[in-house]
Protein chains: 2
Amino acid sequence: MSEGNVEYEDVPEDYRTLGGRGLISTIVSDEVPPVCHPLGPNNKLILAPGIVTGTQAPTSGRMSVGGKSPLTGGIKEANVGTRFSQTLAKLGIKAIIVEDQAEDGYSLLKIDKDGAKLMDAKGWSGEGLYKVYEEMMGEFGEDVDICGCGIAAELSGANSGVAFNDLEGMPSRYAGRGGLGAVMATRGLKFIVADREGAPGVGIEDEETFKKGREKLVDALHEHDVTKPGGALNSYGTDVLINIINEVGGLPQRNFSEGRSEEASKVSGEEKAEQIKERGGERPHMCSPGCVIQCSEVWTKPDAEDPVGVLEYESVWALGPNCGIFDLDTVGELNRACNDLGLDTIEAGNTITIAMEGGVAEFGDGERALELMEEIRKGTPFGRILVNGTKYAGQAFGVTRVPTVKGQAIPAYDPRAIKGIGVTYASAPMGADHTAGYAIATEIMGIGGEADPLETEGKAELSRDLQRSTAVIDSTGYCLFTAFAVLDIPEGLEGMVETVNGVLGTDLTVDDISEIGKQILKTEREFNQAAGLTEEDDRLPEFMREEELPPHNEIFDVPAKEIDSVHGS
Amino acid sequence: MSEGNVEYEDVPEDYRTLGGRGLISTIVSDEVPPVCHPLGPNNKLILAPGIVTGTQAPTSGRMSVGGKSPLTGGIKEANVGTRFSQTLAKLGIKAIIVEDQAEDGYSLLKIDKDGAKLMDAKGWSGEGLYKVYEEMMGEFGEDVDICGCGIAAELSGANSGVAFNDLEGMPSRYAGRGGLGAVMATRGLKFIVADREGAPGVGIEDEETFKKGREKLVDALHEHDVTKPGGALNSYGTDVLINIINEVGGLPQRNFSEGRSEEASKVSGEEKAEQIKERGGERPHMCSPGCVIQCSEVWTKPDAEDPVGVLEYESVWALGPNCGIFDLDTVGELNRACNDLGLDTIEAGNTITIAMEGGVAEFGDGERALELMEEIRKGTPFGRILVNGTKYAGQAFGVTRVPTVKGQAIPAYDPRAIKGIGVTYASAPMGADHTAGYAIATEIMGIGGEADPLETEGKAELSRDLQRSTAVIDSTGYCLFTAFAVLDIPEGLEGMVETVNGVLGTDLTVDDISEIGKQILKTEREFNQAAGLTEEDDRLPEFMREEELPPHNEIFDVPAKEIDSVHGS
């Protein structure tokens with residue numbers, strides 16, 4: 001970026017069988033000095049589609065974005081489902097590495113079948129992304145996919161995500177967590193526009209194996225209750241969890257002060273699906289072509305006005321119940337503001353909650369919450385506090401009950417009520433991240449076994465197994481939700497591995513998954529250690545270890561030794 | 001504080017021979033959980049006079065204040081010269097430990113010869129400390145000394161100091177560094193008022209040894225050029241260093257962008273002494289009774305109006321040259337604002353500089369700098385950014401050239417031009433702290449040997465020796481400036497040890513100093529390690545390792561291995 005150059009490089013042989021998260025973590029580990037300032041010249045932004053992304057493999061349009069995180073100070077891979085990933089893969093691009101910093105002004109990287117070039121993007125800075133993405137689609141045509149960062153990133157916010165367009169062209173798909181938007185903006189890169197017209201497609205080494213595997217996996221996804229058409233995810237989206245997690249007492253209220261609310265059903269997936277139907281939004285809906293699960297949706301204002309995009313469970317919780325807000329329209333507008341400004345919803349919701357606990361707003365005051373988002377848009381000092389996330393806002397407002405791990409806000413499952421997910425929050429290299437080892441599957445949904453959510457025993461092992469398999473899934477390009485099916489249906493898992501073998505010409509087996517995942521996690525943890533993180537960073541916040549959560553009145557009591565055993569020898 | 005109780009405890013035998021920093025570090029290590037939130041219920045604020053404080057030992061009115069630092073996340077001992085310390089010692093108090101948090105409202109702890117009690121302090125919160133200290137002196141009488149925290153601490157600012165009155169009753173003496181004011185305020189304690197009337201005094205076990213040692217030390221202080229009456233410190237105060245450090249190219253300009261300025265002499269100690277004489281301020285002056293060196297002063301507006309107190313070298317630099325400000329009146333008013341609000345000057349000056357680099361103010365604009373202080377007074381969001389210090393402001397304003405170690409701002413000596421002090425900044429358990437191992441003495445002043453400031457060789461050893469002896473001096477209650485004399489005059493050092501033996505009835509020798517210092521540092525570093533700090537926290541900022549400093553065009557190039565050898569085996 002310092003010289004405005006774009007160069008293509010052949011994929012080194014060492015990297016050939018890597019993709020997505022595994023590739024990102026390897027490049028970050030190889031090329032980024034662990035102690036560098038995340039927003040200084042030595043950090044890099046890396047984007048990589050998964051191994052099978054861009055092929056006919058089902059539900060595999062995932063994109064990994066990574067670098068050193070300004071939020072956690074450690075390694076970061078953020079993961080998103082978007083056609084952009086498929087387009088990149090079809091253009092024959094294994095990864096984009098954005099290096100150095102431009103002297104001044106923002107650029108746009110345009111990629112198509114003929115090559116890639118940097119262009120001036122100045123006209124599109126300082127603006128909301130809904131408008132910008134619409135304008136860019138107008139300028140570059142319907143065949144492009146866009147990745148970009150927003151006003152939050154221009155403010156160098158530690159809460160700034162990387163936005164990707166959904167199939168309607170809206171900036172609603174986010175590699176949201178960890179502040180990678182600011183890493184992008186401080187390189188001087190504002191957008192990447194990828195044109196899929198005439199893209200050659202992804203080469204497959206062994207078509208037969210690929211096809212065999214694909215069929216097994218599609219069958220599994222069609223068979224499992226969670227992933228099948230008309231199943232829970234397809235019918236209600238991820239927000240189906242509101243009622244479920246509320247029922248088990250793990251839906252955090254008012255900055256993790258309680259685990260259940262009588263009002264929760266007002267923002268449930270069931271209620272939302274009903275509303276979408278009435279309003280004329282869309283449900284179900286795909287985040288990227290070729291998805292069998294189709295858990296997405298297009299939420300709108302009444303009468304199908306002003307579409308927002310999907311409202312995911314974690315977003316609804318963060319911007320809703322945890323702020324004392326139980327109104328889908330307010331949640332929708334807050335989600336729109338996050339998408340428009342380039343904010344991660346989980347971090348933004350937790351930040352608003354902290355402002356409420358700090359007395360700068362009232363719990364339940366949705367209008368005030370929307371005003372806070374406008375402070376960010378205007379770049380006021382108040383906005384500069386909020387754009388830096390939960391922990392940062394806690395310090396500004398003197399709040400000590402700050403729900404973060406490694407500086408990253410805790411998502412929508414209280415770890416005192418569901419302890420395995422707490423082990424994941426604590427020990428995942430990425431900071432508090434439910435997707436890093438989604439113990440909810442087993443503890444609440446009974447997938448891949450069963451486990452009492454209030455029990456501490458066995459949770460280190462559960463989290464370890466899930467973190468390893470997740471690291472692999474995040475590398476393949478498959479959506480994590482495929483795991484619901486393949487954890488229960490062995491043929492599905494076999495099929496998944498076969499599609500990878502088909503693409504790469506490898507002969508991996510199901511038994512290799514754990515070891516590959518272990519290696520990815522090892523690479524990530526070694527980066528973190530070199531960056532100065534220690535086992536004391538693998539802990540839940542003090543208040544969760546001391547303050548009981550109603551209704552179960554439990555603290556988080558998984559011993560530190562257990563947590564350390566997740567990645568320990 | 002949670003129950004409003006005050007209890008006296010006998011000094012445990014283990015603690016009998018400890019004092020000041022050594023006692024603080026031991027209590028913090030014994031009683032404060034290293035991973036606790038510094039502003040949460042589990043931190044403690046501890047105050048302790050030195051071992052010989054309150055006796056006739058010369059220049060020994062030092063007070064140590066400690067706890068877990070909200071600025072560094074590690075252990076903190078901040079050190080100040082004040083009669084408060086002598087009063088406490090004479091009242092027979094070895095240490096004050098402030099525990100737990102009050103439910104609401106601020107208290108005041110009143111201590112006199114008859115005992116101690118908590119009183120309501122609500123009327124004195126939210127106010128500037130100059131006014132409050134004057135009112136409190138009016139209410140409690142001329143025989144009291146006051147310790148307190150200001151508006152910065154009420155905002156939970158990571159830059160908030162603990163203020164002590166000078167001999168005029170002004171809040172100009174600070175245990176400033178590391179945010180201990182916020183630790184005090186979050187306990188619910190706003191002031192401590194200590195009445196020296198009828199205080200029984202400090203017991204001395206061996207009067208003869210004490211007297212003999214005292215004479216030797218007084219002789220040494222009277223003899224050495226730096227400490228003697230009419231010597232450099234006595235004539236010009238610490239600000240005598242402006243011209244000296246500017247001359248060697250180590251006086252940081254505009255956020256550590258250059259090491260020398262042609263305008264520096266406008267804020268030099270020589271110029272200031274002249275101005276004080278003309279205005280009718282006071283110079284020389286004592287910070288506490290019994291001081292032989294008398295380096296302090298009373299800076300005022302013209303015609304002796306509105307006295308501020310002392311303007312130390314590091315304060316003048318931080319609020320002056322590093323902000324592009326070369327006007328003593330502006331520096332004086334900025335220093336007044338810091339004293340009034342309860343801010344550490346070094347941290348505050350660096351924070352203003354970051355705001356300037358971040359484009360929120362112009363370098364050299366003193367009026368704007370004063371306005372920024374008023375943002376803190378008003379508690380605006382902008383003020384809440386500034387009150388949290390240099391690193392925090394860097395994040396808000398997108399500045400990556402942030403001069404901090406362990407989150408604490410670097411003082412007035414650029415480590416690229418004077419490398420031994422850089423080793424101290426990097427390796428001191430307290431964060432960037434020149435007083436922790438004042439290599440300037442040897443590198444620039446030729447005290448205790450000589451060393452080329454630009455040379456890296458031998459600087460680990462120099463810093464190690466100084467850090468160990470400093471840890472001991474900070475425990476005795478002697479001012480660090482006595483070291484200038486005792487490093488050059490062996491009899492002075494002997495005398496110092498004899499006064500300690502006299503008070504305690506011990507038989508320590510000069511040879512024991514290094515080992516005692518080593519133990520104190522070990523205790524402190526073990527706390528930091530348990531709090532999650534690593535050797536990566538023992539590093540100067542990235543930009544100082546990459547960006548050359550004019551006029552010498554040097555980077556900080558002491559190898560990490562050398563830094564780690566300071567405390568390594």
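## Helices, strands and overall build

Helices (H or I, at least four residues) and strands (E, at least two) are taken here as DSSP runs, numbered from the N terminus. In this predicted model, chain A has 23 helices and 14 strands. Its C-alpha atoms fill a box of roughly 60 × 50 × 50 Å along the principal axes, and 63% of the 569 residues of chain A count as buried.

## How the two chains relate

Chain A superposes on chain B through a rotation of 180° with 0.0 Å of shift along the axis, at an RMSD of 0.0 Å. The two copies are thus related as by a two-fold rotation axis. Within chain A, A:Pro381 has the C-alpha nearest that axis, 2.9 Å from it.

## A negative patch

Let's turn to the surface. A:Glu3, A:Glu7, A:Glu9, A:Asp10 and A:Asp100 gather there in a patch of negative charge. A:Glu3 sits in the segment before α1 (20-31) of chain A and is exposed, with a relative accessible area of 64%.

## Salt bridges

Over all chains, the structure holds 78 salt bridges. One of them joins A:Asp538 to A:Lys406, with the closest N and O atoms 2.7 Å apart. This pair links distant parts of the chain, 132 residues apart, and both residues are buried.

Another salt bridge pairs A:Asp557 with A:Lys419, their closest N and O atoms being 3.0 Å apart. A:Asp557 lies in the loop between α22 and α23 (560-565) and A:Lys419 in helix α16 (residues 419-427), so the pair ties together parts 138 residues apart in sequence. A:Asp557 is partly exposed at 37% relative accessibility, whereas A:Lys419 is buried at 0%.

Key:
Residues are numbered from 1 along each chain as its sequence is written. Chains are lettered from A and ligands numbered from 1 in the order in which they are written. This is a predicted model: local features need pLDDT of at least 70, side-chain atom pairs count only at pLDDT 80 or more; totals for chains, interfaces and linings use all residues. Side-chain values use heavy atoms; hydrogens and water are left out. Patches are made of residues with over 30% relative accessible area and no salt bridge: like charges are joined within 9 Å, nonpolar side chains (Val, Leu, Ile, Met, Phe, Trp, Tyr) within 5 Å. Accessible areas come from the Shrake-Rupley method with a 1.4 Å probe; for residues, only the protein chains shown count as cover. A salt bridge is a side-chain nitrogen of Lys or Arg within 4 Å of a carboxyl oxygen of Asp or Glu. Lys and Arg count as positive and Asp and Glu as negative; His and the chain ends are not counted. The place of a charge is taken as NZ of Lys, CZ of Arg, CG of Asp or CD of Glu. Buried means under 20% relative accessible area, exposed over 50%, partly exposed in between (1.4 Å probe, protein chains only). Copies are superposed by least squares on the C-alpha atoms of residues with pLDDT of at least 70 in both.
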